[in-house]
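Welcome! Let's take a walk through this protein together, step by step. Have a look at the sequence and the model first.

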Amino acid sequence: MVPGSRRRFHLDGALLSAMVRRDRQAAGEIPDLQGLGPGPWRPGLGIRDSGFDDGDSAVDGERVWRELETLASFSDAPAPAVTRIVFDEMDLRARAYIKALCAEASLLVHEDAVGNTFARWLGRDPKLPPVATGSHCDAIPNAGRFDGTVGVLGGLEAIRALQRAGCQPRRSIDLVLFTSEEPTRFGIGCLGSRLLAAALDPSVGDTLTSNGESLNKIRASTGFSGALNDVPLQTGAYAAFVELHIEQGPILERLKLDIGVVTAIAAPASLRIFIEGEGGHAGAVLMPDRHDAFLAAAEIALAVEAAARSTGSSDTVATCGVCELFPGAINSVPSRARLEIDVRDIDPARRDSVLAKIRRASDDVASRRGVTVRSEPINADPPALCAQPIIDAIVSACDARQLRYLRMISRAYHDSLFMSRIAPAGMIFIPCRGGVSHRPDEYASPDAIAHGTADVGRYARFAGA
Ligand code: GLV
Ligand code: MN
Ligand code: MN
């Protein structure tokens, strides 16, 4: 467990507990620092019905690290940055690599019409709803290599470790690779899991576009041509779902903890704002005569910041991450601007009040600057509560391995936000350096990844696989 070591990890037993506690207090739970207790879950899903003896499964941390490195090489940006846009060549090559690894592990792979990929390790009773794990492999422009990929390759290694230990799960275990968790190409996050959970109408195949081409056309050109109507899964299709992910925040690292047990996922919303002003010659149009679309956009961007700050809660965050100008010439007054704005909070009502403030501020800017402003909501999702039995299963996995953990909320969204609508779902967070994510210097240590991976395997046992 020496930081930076890439050898084989043997994560259970006395050695582990001695090492993870080397300069810490006792292993086990530390109090929930975020004031959010575990949420209720509908009963009757029976995930504690049976277990299997997972023996003393060992995670091959070195192998996961190597595979993460290979996966990171499928990128449109030079290392260490990763850019992997859904259905582009690098995304398809990354998927092919992951599918080959799954086939090597004798998993049965199938894909749905939007490219969600399911790799199944058949259980002794294949009629039972499987237990599932997984995440995404697409990456926003100039991202790092760990967001999503840790959950995919860690989930796969958890399965391989159980196989090596001679386990025979009663329930099948699925590794799920979700399509387009990132909103980069089609403007909306969690595209694949939204469709799986029937949270998005299949007509989006025609209405979502990228550079003027529809989702349907683009997916068909990459071999995914089935009907989007067939994508949704029935509630109960999975007995349980868990997603391993880097925290994307600083708390676990600061507190020197091994695992974050996610209790809830914050509510994300996003919108586009279109501004139409008046263009003209940058030298000739006099300042009092201008209706500059960019300056209106700039004021709106500042209003976004003010609206988020106005709640007084550090749980409210808002970002204006896209500003596109037309015609985009240094010597031309911008005539059109398009903003894309992301607003999140753990309290959906407070988030909605921020959205309302942004709309009011936009109207005010429009009348003062003589431009027109139109806003279009992209999504406004409720928060998700993780299922208590899943939280308990992850906690048991941590206790079994004497890891120190914290119940915490996820401020980032994840495919679990939508999987929680059709299955009892939860998330296992591991620390990442400085809490940095969506940046090339995103980093999670081999030890942290191996801990999380081993937790997925243990979790599967407690989840009745
Ligand atoms: C996920 O990528 C997010 O933006 O939370
Ligand atoms: Mn991300
Ligand atoms: Mn992610």
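Two strands are said to pair if DSSP finds at least two bridges between them. Helices (H or I, at least four residues) and strands (E, at least two) are themselves DSSP runs, numbered from the N terminus. With that in hand, look at strand 12 (residues 267-276) and strand 16 (residues 336-345), which pair in the antiparallel sense over ten bridges. Within this stretch, Phe274 stands opposite Arg338 in strand 16.

Before going on, a word on the model. It is predicted: local features need pLDDT of at least 70 and side-chain atom pairs count only at pLDDT 80 or more, while totals for chains, interfaces and linings use all residues. Residues are numbered from 1 along each chain as its sequence is written, and chains are lettered from A and ligands numbered from 1 in the order in which they are written.

Next, is helix 4 mostly covered or mostly uncovered? Of its 16 residues, 14 are buried, so helix 4 is mostly covered. Here buried means that 20 or more other C-beta atoms lie within 10 Å of a residue's own, exposed means 12 or fewer, and partly exposed lies in between, with C-beta atoms placed from the backbone. After helix 4 comes Gly166, with a positive phi near 80 degrees.

For a contrast in setting, find Gly223 in the loop between helix 7 (215-221) and strand 10 (240-246). Gly223 is exposed because it has 10 other C-beta atoms within 10 Å. Its C-alpha atom is separated by 8.8 Å from that of Gly115, 108 residues apart along the chain.

Finally, step back to the whole protein. Its secondary structure comes to 13 helices and 20 strands, and buried residues make up 50% of its 465 residues.
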